[in-house]
Amino acid sequence: YNVPFILTTHGRDVYQRPFESTMRMNNTKKIFSLADRLITVSNFTKKIMSEILSDKSRDISVIPNGFVRKKFDKIDIDKAREMITIDSNRKVITIVGNVEKIKGHIYLIEAVRELVTDYPNILVIIIGNGPDKLMLESKVKEYGLEKNFRFEGLVPNEKLYIYLSASDLFVLP
């Protein structure tokens, strides 16, 4: 169409999908070669893209994902905990993301399983839904960690700041 073609990659489209089959890898290489500009969101995905490209001299720009800072303004921790009913004596760890294998929720559960002996007041808040949610809930129950985990499901973006403000630590394993 005689217009510039700019391709932006975000993650799985680079570090997973091309490696699922020869056809996907060939299609990915072709699409990369047709693009006038290549953009990605991290140095990690840039490295993978460079490995996939046959023309190693191609320039790949990294432009991290943006966000609206105001939507994530921090509020007082006690106020935030009151808003979502968390005791002030808890040590709160929050994870936000699709509940799927690639996000590593199981590693967090395994770590908390070891930590609760010395730190019984840990509370992990899992925000998100996905195919692994039932398995993770089952694993939490199997380990007797029900009082240490809250599965919140989907939380509207405009309320995430409350959970993050209520947290002592954000984790993405």
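Biologist: What makes two strands a pair in this predicted model?

Modeller: Two strands pair if DSSP finds at least two bridges between them. Strand 4 (residues 91–96) and strand 7 are joined by 2 bridges and run parallel, so they meet that definition. Within this pairing, Thr94 stands opposite Phe170 in strand 7.

Biologist: Why are strand 6 and strand 7 said to stand at the edges?

Modeller: The open sheet has 4 parallel strands in the order 6-5-4-7. Strand 6 (149–153) and strand 7 (169–170) each have a single partner strand, so one side of each lacks a neighbour in the sheet. Helix 5 (residues 105–115) lies across strand 4, strand 5 (122–127) and strand 6, at about 170 degrees to strand 5.

Biologist: Which residues touch the most other members of the largest nonpolar core?

Modeller: Of its 16 residues, these are Leu108, Ile109, Val112, Val124, Leu145 and Phe149. Strand 4, helix 5, strand 5 and helix 6 (133–142) each supply at least two residues of this core. A second, separate core of 12 residues includes Ile125, Ile127, Val155 and Ala166.

Biologist: What puts the buried residues on the same side of helix 2?

Modeller: Met25, Thr28 and Phe32 are buried in helix 2. They cover an arc of only 60 degrees around the axis, and therefore lie on the same side of helix 2. On the other side, Thr22, Met23, Lys30 and Leu34 are exposed.

Notes:
Residues are numbered from 1 along each chain as its sequence is written. This is a predicted model: local features need pLDDT of at least 70, side-chain atom pairs count only at pLDDT 80 or more; totals for chains, interfaces and linings use all residues. Side-chain values use heavy atoms; hydrogens and water are left out. Contact means heavy atoms within 4.5 Å. Axes are lines fitted to C-alpha atoms, for helices over the stretch in contact, and angles run from 0 to 180 degrees between N-to-C directions. A nonpolar core is a set of buried Ala, Val, Leu, Ile, Met, Phe, Trp, Tyr and Cys residues joined through side-chain atoms within 4.5 Å. Buried means under 20% relative accessible area, exposed over 50%, partly exposed in between (1.4 Å probe, protein chains only). The arc is that of the directions from the helix axis to the C-beta atoms.
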